[in-house]
Amino acid sequence: MVSRKAWIWAYIAAGATYIATLMVVSSSGGAGALLYAAFTFASFAVIVGVGQMFVVTLGPGNVDLSIPASMTLAATLSLKFMATDGSLVVPGLAIAIGVGLGCGLFNFSLIMLLRIPPIIATLSSSFLFQSLAIWSNRGLRIKPPEVLADFSTGGTFGIPNAAWVALLVSVLAWCVLEKAIAGRWILATGQNKRAARLGGVPVNAVRFGVYVSCAVLAGVAGFMLASFSGGANLNMGTEYMLMSIAVVVIGGSSIAGGNSNVPGIWAAALFMFLIVSMLNSYGLGAGVRLMLTGLIIVSVVVLASKRGRRV
Amino acid sequence: MIGTQKVPIITLADVGVSFGAVKALNDVELTILPGECVGVVGHNGAGKSTLVNVINGRLSSTRGDVSYDGEQSAADFRNALLARNAGIRSVFQELSLCPNLTVLENYRIPYRNMPRRAWRRNAASAVRASLDAVFPGNAIDPYSVVDDLPIADRQMVEIAIAFSRRDIDARLVILDEPTSSLDGAIADQLLAYIKKFCADGGSIIFISHMMGEIFDVASRIVVMKDGFITQDNDARHFTRDGLVDAMGHVVPDTAEVTGAKRRQEFGPEVLRMENGLNARQGEVVGLAGLAGHGQAEALAQCFLARTSDWSASRDPAVVFVAGDRSRDGVMPLWSIMRNLSLQTLVEFSRTFLVDRKAERKVADEWHRKIGIKTDDLENPILSLSGGNQQKVLFSRALASSAPIVVMDDPMRGVDVGTKKEVYRMIRAEAEKGRTFLWYSTETDEILECDRVFVFRDSEIAAELQGDQITEENMLRASFEMQEAGQ
Amino acid sequence: DTSEKKIALSNNYAGNSWRQAMLESWGKVAYMAIEDGHVAAADAFTTSENQATEQAAQIQNMILQGYDAIVVNAASPTAINGAVKEACDAGITVVSFDGIVTEPCAWRIAVDFKQMGRDQVKYLAERYPEGGNLLEIRGLAGVFVDDEISAGIHEEVANTEFKIVGSVHGDWAQDVAQKAVAGILPSLPEIKAVVTQGGDGYGAAQAFAAADRPTPTIVMGNRRDELDWWKEQKDENGYETTSLSIAPGVSTLAFWVAQQVLDGKEVPKDLTVPFLRVDQDTLEEILAETPVGSVANVEYSLDDAKSLIESAK
Amino acid sequence: MSRDHLRILLPVLSLAILLAAVFYMQPRAMSYFGLNLLFNLAVPVVLATIAQMMILMVNDIDLSIGTFVSFCACITATFVQTDPVVGYAILFGAILVYAAMGAIIYARGLPAIVVTLGMSFFWSGMAVLVLPSPGGSAPDWLRALMTAKTPFLPVAIIAPIVIAAIMHYFVKRSALGVLLRGVGGNEQAIERSGWSVMGLKAFAYGVAALFCVLSGMALVGLATSADANIALRYTLLSIAGVILGGGEFTGGRVSPVGAVIGALTLTLAASFLSFLHLSPDWQIGAQGAILIIVLAVRLVFTRREALI
Ligand SMILES: Nc1ncnc2c1ncn2[C@@H]1O[C@H](COP(=O)(O)OP(=O)(O)OP(=O)(O)O)[C@@H](O)[C@H]1O
Ligand SMILES: Nc1ncnc2c1ncn2[C@@H]1O[C@H](COP(=O)(O)OP(=O)(O)OP(=O)(O)O)[C@@H](O)[C@H]1O
Ligand SMILES: [Mg+2]
Ligand SMILES: [Mg+2]
């Protein structure tokens, strides 16, 4: 079992990588710029990571592989709808959220009604979402409205706007998990679904809420990412499949469910960005970079673990 | 026995075990000779399971010496091996079969040096032989998967495996609450077998909260209290009341506890199920019959039909007390407090946030009321002894305001003192108008009920009321159709 | 006469605008060719994931379905050789394009990716004879095209005053490229130019803008949003660069080559198509022809194919 | 009929139905040549699925199978071809690394999903280092083995049958298999009986690695060469195969025969779709749809969960 404060290690790892990168930063403003960039890009990982965390907390076998496809579909449909028209930003966001809702509902009904194991259910639905995205827009890249692009690439009080959004999302998630009844229910369901049901937990509502909110967060992340990077791609978000799982687990959540951690997600997201920057900055090739990434992830996890086991 | 030159199978000298600050065992001196049947009694958390784990070598004692067959050994991890070679075998309090394997495959697991040739056939016949010897007339197929067996069958399998033939003969078999999910008839078969086993020179350590069973089989009784062995004497020196006193549970044994105080007046009918099961307000309804005859299913159905998968109610219609703790009750990663408050979260919280103060209040109240043996409710639930975990589950349900309480063999592993306390609480709650549905494998508990439904083959075979509620009537109703069918 | 022949397109990926344009071009030419009675069928198949193993299975299925020719855009130049060989052995004509295969029995319509890398650097060397620092954005590690373009770039850089100070993998995905560039920028000195593999230019430009660094000369990859951005910059401050990529319409060329082979024509095994290049002065013209959100494209007719085959002999 | 039998019935039926549909649409497939084409690429998938099954059997999950098979393929296409001794030594070392990973996962109580996720980056990096651009070539004997013209039934059919038979014996019949499944069913019970759960887990991981190595080699034998990304999809494919074959994520409930059939079904499902001539827009989605349909059929077979 990973210890309760496992995320300390993720922060240490992120900090160490940051410092190691700074060693080769040339310009004076480089340190700040790196941090700014790290927060910007970590934000997207945090938003999807929070959703994935809720899903993972539901217990073994629960993971949402449809995040990239939901992101793409939400981004494609909303950007197509807005068609660079700045006055349609709010309905555009509503569409992204609506698409997320739809994707989550679809996933949940596969899991609940057809009782398909979540990994496979979400994998299958991701193919369907991908097809929908292709069908709806044929891969055409439509620019986001000016205001939206400005917002998502800009910053407030020296912090990227994307990070503000992610911060809001993670504070909400933290409250749900630590303070709210719903959080207790999620944790209970993750440890022992049957016992939770017999203990008065509305397990279906819990699972419904978790899958739907994960997909909605993916929709929002897709919307923001598309606004940030100048349009929706069919292959946008591909890397967020592994990324979302990685930030959850490196961040110190027990994958067996029942024990989650929001601050750790931030650390892990920053770490995942900084490690790539560090290895790129040191001019290492892709092979070495991937290898070291893997080794560092494993070491962090091993270090964060408690020695020994219960009798 | 005095004068014979028997070598003790195991000797514990001044043994102590601590879990951090908790001293689970203190200054334990114990010697077990061949042919002895030692009954171990004690309140929940007295250290019985810990003692067992020291004897079978799974726990290293923090202090003192353990010697097998008279040979001294340092307390270390090799003890498990020594114990095995000395012919010591255990049936643990928490069932330890692999549910995904067949019965015969489970036989293979404790059998270290099993000959590999045609092992399936050999294993099947060994398990069969042992099952037949311990539980004559059972119909358990060695090829069936454990998961498909009812809990009573599983317990029978585990006991049979412990007594089965292997390369090293069983000399000391430790049974930690082996009868907790067996019904009376099957338990009697086990007791008879134990007597025979001891008469043939084997030894038994028998842990139980059923005083009747202890007096039935034990040649010697060891009383434990708070980690100490307080008495260790020939069984003849104890009386039932004396034993309960020795365990030191201070429960006022007032008259109102007994079944004689059964009420006759009840409120309107609050529950009726398709199979005819019904209950009135303020009534304690028992579900009896042989284990695995559909009582648990009926209870689950009653609970599930009256609660929702989709919403939690501030005033739930029914709450559930689990007997199979690890499967149906305990949240293993959580603290005692969180486990205790799960059911009532929506009841004591006014908003969608958890009201921590109210939670603490509820937990403290029940900690006191039901005597959960811990000094900090923030401790993990798994640090509690089995019986104390059960108390937490009890509190979880009783803390709720639900008018109907469904109990699935809830006293599994609860000590005598606490049982009485719980009976009293159930009575008091019933007086206040709560209705209880109570499935139990213990006749004593069924006798506490106002009305009893006897189950057979998932149907109600008899409804007993008032003076009809006797052990004899229940047994007759349980067996009737089986005999007719044969 | 090929009017009874059936041609299949085996495509390994449909997840970007280039591939979508490629499929669209194929669809157009297939429709016309069937209308005109050139072939009986020209079906397109796409695998669900960009994986050689899946594509190999797809090709095996096409063999079973009795196609006379298979046009392949391969996930790997070597990993589907087994399946391609099986197709050839079954008497099927295999024509590969863009992602070509090395199996000798197949035809290859290749773009010289190495040359594409070299041309980028050559253009930059003309602009900046004094050299400077280069940032290289690569594609997906372990993939043939990535390796070729990168090799071309590095070879040519050796002949110039340029120095590659940073190299990142953008996985040919806009958001990944942007992220990678943003991550490495703080550690880089002033960048004179960025060499890319197509589709990453706009992301790079955004990353530079976000880091408040002067915009270097970014070689573009013919995507409409890249061209748009270039046009914008050009109108604003006379920004100059070049843009080059393989045209998605090369699928139509592959189609006609397959048709010609089926027709019994003698066609050399290796054909080369030029890549489509957009320059400072052709920018407006090509921009006008490129649909919003898509890629600059040229499609080939039967006559184009015939003349290309002639010239290759 | 026991639950175990029911569990295997579904995969068998879905494979049979799919096969019937494929034969109906494409009678040509009903031949030695046709069967070989339909199934030969399933052989490495079958091997990878067995590897995943070994891991799921001990209650873990392996997200690095795809990259590890790719790595093995790269080694096979390079070192094993040019320098057999070095090549086999590397593969053997990789198996040891896997076994060590299993031991560490148990000893430190780590979530397997995280460690294997990390290792997937590691193997991927190693593969890129070994083979920066696609290439290499298959050892001749391997090529000959994978394309051998066996009498009556093609290799593509014989190999899965042999693999299923061996693994069925090993997992379901042998005394060691019982212990391994026991680890998945009730780790504590195994430990209480004095077995080293760490050793058993390491062993299970080692066997899984062995099958990954075989999968990589089979793949190279079929494809004639390798690249660093050649088998990435095997990770999800192998999980889907085990589940489709009636396995479960926890509790040590796996079926080697089911897993093999699951892998074959998945391969066949893709072929089935390409025979349908769907519009390119929907081809990807159809793969999802068919997975959903095949798994939804389980509803009919799995009895309603006892309680919930
Ligand atoms: N792993 C552990 N960590 C901490 N405390 C423990 C642990 N195991 C047991 N204890 C404590 O040791 C004491 C003795 O426990 P033990 O399980 O031996 O009781 P028991 O007599 O078997 O009770 P029961 O009748 O309820 O089974 C209890 O107070 C329990 O809380
Ligand atoms: N479910 C069952 N019920 C009754 N008998 C069975 C059942 N399954 C198998 N048997 C019989 O039990 C005998 C032993 O079966 P099995 O082949 O499994 O054992 P084995 O020969 O010892 O195995 P192995 O050679 O694999 O160690 C066989 O005669 C078989 O037909
Ligand atoms: Mg105990
Ligand atoms: Mg009992």
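These legends go with close-up views of a predicted model.

Before you start, note that residues are numbered from 1 along each chain as its sequence is written, with chains lettered from A and ligands numbered from 1 in the order in which they are written. Because the model is predicted, local features need pLDDT of at least 70 and side-chain atom pairs count only at pLDDT 80 or more, while totals for chains, interfaces and linings use all residues; side-chain values use heavy atoms, with hydrogens and water left out.

**View 1. Strand β4 of chain C, covered on both faces.**
Helices (H or I, at least four residues) and strands (E, at least two) are DSSP runs, numbered from the N terminus. Is β4(C), residues 93–97, buried or exposed? Five of its five residues are buried, so the strand is largely enclosed by the rest of the structure. "Buried" here means under 20% relative accessible area, "exposed" means over 50%, and "partly exposed" is in between, using a 1.4 Å probe and protein chains only. In a regular strand the side chains alternate between the two faces of the sheet. In this strand, T93(C), V95(C) and F97(C) sit on one side, with V94(C) and S96(C) on the other.

**View 2. The neighbours of β4(C).**
Two strands count as paired if DSSP finds at least two bridges between them. Strand β3 of chain C, residues 69–73, runs parallel to β4(C) and is joined to it by four bridges. Look for A69(C), which stands opposite T93(C). Strand β5 of chain C, residues 107–110, is also parallel to β4(C), this time with three bridges. There, F97(C) stands opposite I109(C). Now bring in helix α3 of chain C, residues 81–89: together with β3(C) and β4(C), the helix makes a right-handed β-α-β unit. "Right-handed" means that, with the strands pointing away from the viewer, the path from the first strand over the helix to the second runs clockwise.

**View 3. A four-stranded open sheet in chain C.**
What is the strand order in this sheet? Reading across, you get β7-β6-β8-β9, with parallel pairing. The edge strands are β7(C), residues 163–169, and β9(C), each of which pairs on one side only. Strand β6(C), residues 133–138, pairs with β7(C) over six bridges.

**View 4. Ligand 1 and its shell in chain B.**
A residue is near a molecule or strand if one of its heavy atoms lies within 4 Å of it. There are 19 residues around ligand 1, and K48(B), S49(B), T50(B), S383(B) and G387(B) come nearest. A polar contact is a pair of N or O atoms within 3.5 Å; within protein, one must be able to donate a hydrogen and the other to accept it, and residues adjacent in sequence count only if both atoms are side-chain atoms. A polar side-chain atom of K48(B) lies 2.7 Å from an oxygen atom of the ligand, while a backbone N or O atom of G47(B) lies 2.9 Å from a ligand oxygen. For E177(B), an N or O atom in the side chain is 3.5 Å from an oxygen atom of ligand 1. On its own, ligand 1 has 640 Å² of accessible area, and the protein covers 84% of that. Accessible areas come from the Shrake-Rupley method with a 1.4 Å probe; for residues, only the protein chains shown count as cover. Helix α1(B), residues 48–55, gives the largest share of the shell, three residues.

**View 5. Ligand 2, with residues from two chains around it.**
Why is this site called shared? Residues from chains B and D surround ligand 2, so the site is shared between chains. Among them are W119(B), Y143(B) and Y169(D). A side-chain N or O atom of R173(D) is 2.6 Å from an oxygen atom of ligand 2, and a backbone N or O atom of R120(B) lies 3.1 Å from a ligand oxygen. Ligand 2 exposes 640 Å² when taken alone, and the protein buries 52% of that.

Most residues other than glycine have a negative phi. D409(B) sits in the loop between β15(B) and α15(B), and is buried at 1% relative accessible area.
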